Each structure stands twice: as C-alpha cells, then as structure tokens.
Amino acid sequence: MTDLDDLLHDGVAQGAFPGAAYAVGCDAGSWFGYAGRQTYAPASLAIDENTLWDLSSLTKVVATTPAAMILC
C-alpha cells in the first residue's frame, strides 16, 4: 500500500485536501492508512482510526449518478 500512502501524502502536501484515510480488505488481509489533518489549520487534529467523517457529500454521487444513468 506504499503507492496509496504516497498518493495521499502528496495530495495533502499539495493542498488538494487536508486529510484522507483508506481501508482495503480481502481474503489476504486488511490494510489501513491515514494522512494529514481534519482541516487545513495546522493545529487541527490528525487523521487516525478514530476520525469521524461527514458522508453527506456521497449522496450526490450515490443518488445523482444512477438517476442520470437511468435517464440516459
């Protein structure tokens, strides 16, 4: 998962997002990674396994994309 870790850390360093996390699982095992902070403020909390995420923005993709596909 080194490539994914590098991608997340590069994104944080370039200011694309303040922080990110991933979880990947399969029969072979589970991998987790964290990068950055909860906001762009240097004093904000670091992303870790206890970070709570606001998933409301996913409704745009989860609801709108299938609706647009049905209309097409």
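At 89% relative accessibility, C72 counts as exposed, while C26 is partly exposed with a relative accessible area of 46%. For these labels, buried is under 20% relative accessible area, exposed is over 50%, and partly exposed is in between, using a 1.4 Å probe and protein chains only. As for disulfides, the count comes to zero, where a disulfide would be a pair of cysteine sulfur atoms within 2.5 Å.

A quick word on ground rules: this is a predicted model, so local features need pLDDT of at least 70 and side-chain atom pairs count only at pLDDT 80 or more, while totals for chains, interfaces and linings use all residues. Residues are numbered from 1 along each chain as its sequence is written, and side-chain values use heavy atoms, with hydrogens and water left out.

Now the fold. The protein chain has two helices and two strands, and from the N terminus on they run α-β-β-α. The radius of gyration is 15 Å, well over the 11 Å that the globule rule gives for 72 residues, so the chain is more spread out than a compact globule. That radius is taken over C-alpha atoms, and the globule rule is 2.2 Å times the number of residues to the power 0.38. Helices (H or I, at least four residues) and strands (E, at least two) are DSSP runs, numbered from the N terminus.

Some whole-chain values:

| Property of the protein chain | Value |
|---|---|
| Buried residues | 14% of the 72 residues |
| Accessible surface | about 5,600 Å², 63% of it on carbon and sulfur atoms |

The surface comes from the Shrake-Rupley method with a 1.4 Å probe. Among contacts between residues at least 6 apart in sequence, 22% join residues at least 24 apart; a contact means heavy atoms within 4.5 Å.

Helix α1 covers residues 2-13, and its 12 residues reach 16 Å from first C-alpha to last, close to the 16 Å expected at 1.5 Å a residue. The expected span is 1.5 Å times one less than the number of residues. Just after α1, G15 takes a positive phi of about 80°.

Next comes the strand pair. β1 (residues 19-26) and β2 (residues 29-36) pair in the antiparallel sense over eight bridges, with pairing called if DSSP finds at least two bridges between two strands. A hairpin joins β1 to β2 through two residues. Across the pair, A21 stands opposite Y34 in β2, and G25 stands opposite S30 in β2.
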